[in-house]
Amino acid sequence: MPVPDLADFATFADRLADISRATVRETLGQARAFITKGDASPVTAIDREVEKRLRTAIRDMHPGHGILGEEFDSVDLDAEWVWVIDPIDGTKAFITGIPTFGTLIALARNGVPVLGVIDNPVTGERWLGADGIGTRRNGQPVATRDCGDLGDALVGNGNPEPFDADEQSALLALRRGTRWCVYGGGCHAYGRVADGALDINVDGGLDAFDYCALVPVVRNAGGAMSDWRGEGLTIHSGRRSVIASATAALHGCALDILSGTSSPVLASSS
């Protein structure tokens, strides 16, 4: 099914990100109390306040759309259009004042993400990618780097802890086949794949609200994003280990290593 012009939705997504950024910036520099949820992840009052404000704005503007958010119950996930919200992606970084957290906002059509926003309220950077529009950082078009050799690729990983033993081994194999790896970038790192600073980014244990916004940002900058089996990511994909790559060819090479079907050559550790 063809995707209609998303320009109006992109304008609205920008407004949502403005709401989120203003809400988060009200608290910068303050101590942040948190509680631990049932899944052992932390949540702050600001996480919930951001999501409440975004949900209110969506209901007011698009009452027929569904909503999938991290902090509150899902609404109408079988609707044609569903907004996906992670109010503060990287809550641990937010709590500790490390500026790699951000707000993620996606719009899915029939379950498939077609528009995504990554907004960093501290650095003031915002990536918006949408089908038929491309990807922009702060309003300027960006594109992934044409990295033709896996051995030259720069890799990011937000946190190695969620990987099981087999995934840890696969990540080490990928690391050995690439130039070097940087850790802790969070959602910011996917924006950096989109604008050509990173070539690959991998993460484990992500849910739909973690990755749906990232997919259109990376894809519409010229890159590819999937789970580690090469399957596409939708609002129904559940918890996955994911990978974003600068090009489809690079993505295929990285997936071969992660699946164990290709053996990398040891890269420089300098």
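1. A residue is called buried here when its relative accessible area is under 20%, exposed when that area is over 50%, and partly exposed in between. N138 has 45% relative accessibility and therefore counts as partly exposed. Please keep in mind throughout that this is a predicted model.

2. Most residues other than glycine have a negative phi. N138 sits in the loop that links β8 (134-137) with β9 (140-141).

3. N110 can be read alongside that. The phi of N110 is near 50°, again positive and again in a residue other than glycine. N110 belongs to the loop between β5 (102-109) and β6 (112-120). With a relative accessibility of 46%, N110 falls between the two cut-offs and so counts as partly exposed.

4. Which strands make up the open sheet of seven, and in what order? The order is β3-β4-β5-β6-β7-β8-β9, and the pairing is mixed. β3 (66-69) and β9 are at the edges; each has a single partner strand, so one side of each has no neighbour in the sheet.

5. Within this sheet, β6 and β7 (residues 125-130) run antiparallel and are joined by six bridges. In that pairing, G116 stands opposite G129 in β7.

6. α1 lies across β4 (81-89), β5, β6 and β7, and runs at about 35° to β6. α2 also packs on the sheet, where it touches β3, β4 and β5; the direction of α2 makes about 155° with that of β4.

7. These two helices also meet each other. Two packed helices are described by the angle between their axes and the distance between the axes. For α1 (residues 7-25) and α2 (residues 45-61), the axes come within 10 Å and cross at roughly 150°. Because an angle over 145 degrees counts as roughly antiparallel, α1 is roughly antiparallel to α2. The crossing of α1 and α2 is right-handed. On the α1 side the contact involves F12, R15, L16, I19, S20, T23 and V24. On the α2 side it involves I46, E49, V50, R53, L54, A57, I58 and M61.

8. There is also an open sheet of five strands, in the order β11-β10-β12-β14-β13 and with mixed pairing. β11 and β13 (224-227) are the edge strands, each of them pairing on one side only. On average, neighbouring strands of this sheet are turned by 20° against each other, direction ignored.

9. Two helices pack on the sheet of five strands. α4 touches β10, β11, β12 (200-206) and β14 (240-245), and its direction makes about 175° with that of β12. Helix α5 (residues 187-194) touches β12, β13 and β14, with its direction at about 150° to that of β12.

10. How do β10 (residues 154-157) and β11 (residues 180-183) run relative to each other, parallel or antiparallel? They run parallel, and four bridges join them. L154 stands opposite W180 in β11. Together with helix α4 (residues 165-176), β10 and β11 make a right-handed β-α-β unit.

11. W127 deserves a look of its own. W127 is in strand β7. Is W127 buried or exposed? Its relative accessible area is 0%, under the 20% cut-off, so W127 is buried. Leaving aside neighbours within four places in sequence, W127 is in contact with G116, V117, I118, R136, R137, H188, G191, R192, A194, D195 and V217. The C-alpha atoms of W127 and V218 are separated by 9.5 Å, although these residues are 91 residues apart along the chain.

12. V215 counts as buried because its relative accessibility is 5%. Not counting residues up to four places away in sequence, V215 touches M225 and L233.

Key: Residues numbered from 1 in each chain as written. Predicted model: local features only at pLDDT ≥ 70, side-chain atom pairs only at ≥ 80, totals over all residues. Heavy atoms only, no water. Pairing = 2+ DSSP bridges. Right-handed = clockwise from strand over helix to strand, strands pointing away. Buried < 20%, exposed > 50% of the residue type's maximum accessible area, 1.4 Å probe, protein only. Axes fitted to C-alpha atoms, helices over the stretch in contact; angles between N-to-C directions. Parallel < 35°, antiparallel > 145°, perpendicular 65-115°, else oblique. Left-handed = near helix turned anticlockwise from the far one by under 90°. Contact = heavy atoms within 4.5 Å.
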